[in-house]
Amino acid sequence: MNRRAWILGLAAFGTIAIGVASLTDAQARRYKIAMLVKSLGNGFFEAARTGGEEAAKQLGNVDLIYTGPTAATAEGQIEQMNSLIAQRVNAIAVSANDPNALVAISKRAASRGIKVISWDSGIAKEGRLMHLNPSNTALIGRKQIEMMSATLGGKGKIAILSATAQATNQNAWIVAMKETLKDPKYAGLELVDTVYGDDQSDKSYREAQGLLTKYPDLKGIIAPTTVGIAAAAKYVIDQKLVGKVFVSGLGLPSEMAGYVKAGAVDTFALWNPIDLGYSAVFAAYQFATNKARGRAGEKVSIGRMGTITLDANLEAPMGEPFTFNKDNVDKFAKAF
Ligand code: RAM
């Protein structure tokens with residue numbers, strides 16, 4: 001090799017070496033991040049998946065695994081966690097079907113170096129590094145009572161049709177709803193029952209039927225679940241109860257637009273599930289790459305959504321929920 005070729009070769013090698021060295025460790029390797037949802041086939045989680053995929057694409061070195069049990073049970077999620085541990089994922093972002101039942105398996109994952117966070121529906125503090133709430137829990141609870149009260153003119157029997165009886169998020173919102181009902185402003189609303197449709201359409205439909213059979217003078221059903229609210233609204237339409245019974249709660253505009261126009265639903269609320277899924281995956285990446293550790297007061301990047309600050313319970317909320325009605329539901333239905 002002549003001197004010139006040797007120098008060129010050395011320069012080329014140097015460029016490659018500098019190029020490799022300038023890539024941080026985090027960028028040079030790939031990360032497997034799992035989004036473990038309450039159950040498959042739920043439009044809310046499908047929208048969250050779209051956001052998760054967006055985050056993975058933006059981060060560039062993430063292989064996203066989207067998974068969940070067929071029914072919203074803790075047992076099903078434990079099975080999935082075992083499989084994710086065997087696949088040696090780097091992080092698991094879970095929307096939990098039970099706050100406590102997932103703690104032991106989450107600790108096992110952590111002992112193998114897997115970073116576990118929860119989002120949407122939390123694992124108890126000792127089982128995860130952080131929990132991402134879609135919004136402030138008290139606000140979500142209060143909002144649902146406010147909407148129903150406005151629709152009913154502050155008077156009448158109401159019932160709650162929830163997801164599963166163990167769901168962390170719905171149970172917290174129900175506590176907040178009951179707290180709100182203590183306000184004398186809502187003295188005319190009487191909460192007569194709380195039932196569980198397990199985030200299955202057919203079971204939720206039957207629970208709505210059960211409520212209206214048991215309480216023929218029921219005026220409102222609040223369903224703090226996208227599956228439950230759609231099933232209850234369908235029941236009201238099928239039974240020609242429009243105008244007599246109103247359904248409200250948390251729903252996907254894309255699933256609810258028809259029921260709003262048909263008059264079974266006056267108003268309902270939700271946050272952007274795409275942004276939530278995006279943020280969950282983005283946050284999981286911060287832990288997988290050791291940029292976040294899970295300490296109170298810590299700021300965690302959630303990419304295009306900004307940063308969140310972990311509170312003493314290692315939780316952080318995102319923004320306020322949106323309210324939907326006949327005037328804006330079509331616009332949002334195009335997105336989620
Ligand atoms: C259902 C799920 C989810 C909840 C939404 C509002 O899709 O129960 O956990 O956040 O409703």
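## Exposure and conventions

A residue is called buried under 20% relative accessible area, exposed over 50% and partly exposed in between, with a 1.4 Å probe and protein chains only. Arginine 108 therefore counts as partly exposed, at a relative accessible area of 38%.

This is a predicted model, in which local features need pLDDT of at least 70 and side-chain atom pairs count only at pLDDT 80 or more, whereas totals for chains, interfaces and linings use all residues. Residues are numbered from 1 along each chain as its sequence is written, and side-chain values use heavy atoms, with hydrogens and water left out.

## Overall architecture

The protein chain comprises 12 helices and 14 strands; helices (H or I, at least four residues) and strands (E, at least two) are DSSP runs numbered from the N terminus. Along the principal axes, its C-alpha atoms fill a box of roughly 95 × 40 × 35 Å. Of the 336 residues in the chain, 54% are buried.

Serine 121 is placed in the loop between strand E4 (115–119) and strand E5 (131–133). With a relative accessibility of 0%, serine 121 is buried.

## Salt bridges

Side chains of opposite charge can pair when their charged atoms come close. A salt bridge is counted when a side-chain nitrogen of Lys or Arg lies within 4 Å of a carboxyl oxygen of Asp or Glu. The structure contains 15 salt bridges. In one of them, arginine 49 pairs with glutamate 53, with 3.3 Å between the closest N and O atoms. Both residues belong to helix H3 (residues 43–59), where they are 4 residues apart, about one turn of the helix. Arginine 49 is partly exposed at 29%, as is glutamate 53 at 41%. A network of salt bridges links Glu46, Arg49 and Glu53.

Another salt bridge joins lysine 214 to aspartate 193, again with the closest N and O atoms 3.3 Å apart. This pair links distant parts of the chain, 21 residues apart: lysine 214 is in helix H8 (residues 201–214) and aspartate 193 in strand E7 (residues 189–196). Lysine 214 is exposed, at 55%, while aspartate 193 is buried, at 18%. Aspartate 198 and lysine 203 also form a salt bridge, at 3.5 Å from N to O. Aspartate 198 is partly exposed at 24%, and lysine 203 is partly exposed at 22%.

## Aromatic contacts

Rings of Phe, Tyr and Trp (its six-membered ring) pair if their centres lie within 6.5 Å; planes under 30 degrees apart count as stacked, over 60 as edge-to-face and the rest as tilted. The whole structure has 12 aromatic pairs. Among them is the tilted pair of phenylalanine 322 and phenylalanine 324, at 6.1 Å centre to centre and 50 degrees between the planes. Phenylalanine 322 is partly exposed at 35%, whereas phenylalanine 324 is buried at 0%.

Phenylalanine 324 also pairs edge-to-face with phenylalanine 336, at 6.4 Å centre to centre and 75 degrees between the planes. Because phenylalanine 324 lies in strand E14 (residues 322–324) and phenylalanine 336 in the segment after helix H12 (329–333), the pair ties together parts that are 12 residues apart in sequence. Phenylalanine 336 is buried, at 6%. Ring pairs connect Phe268, Phe322, Phe324, Phe332 and Phe336 into a cluster.
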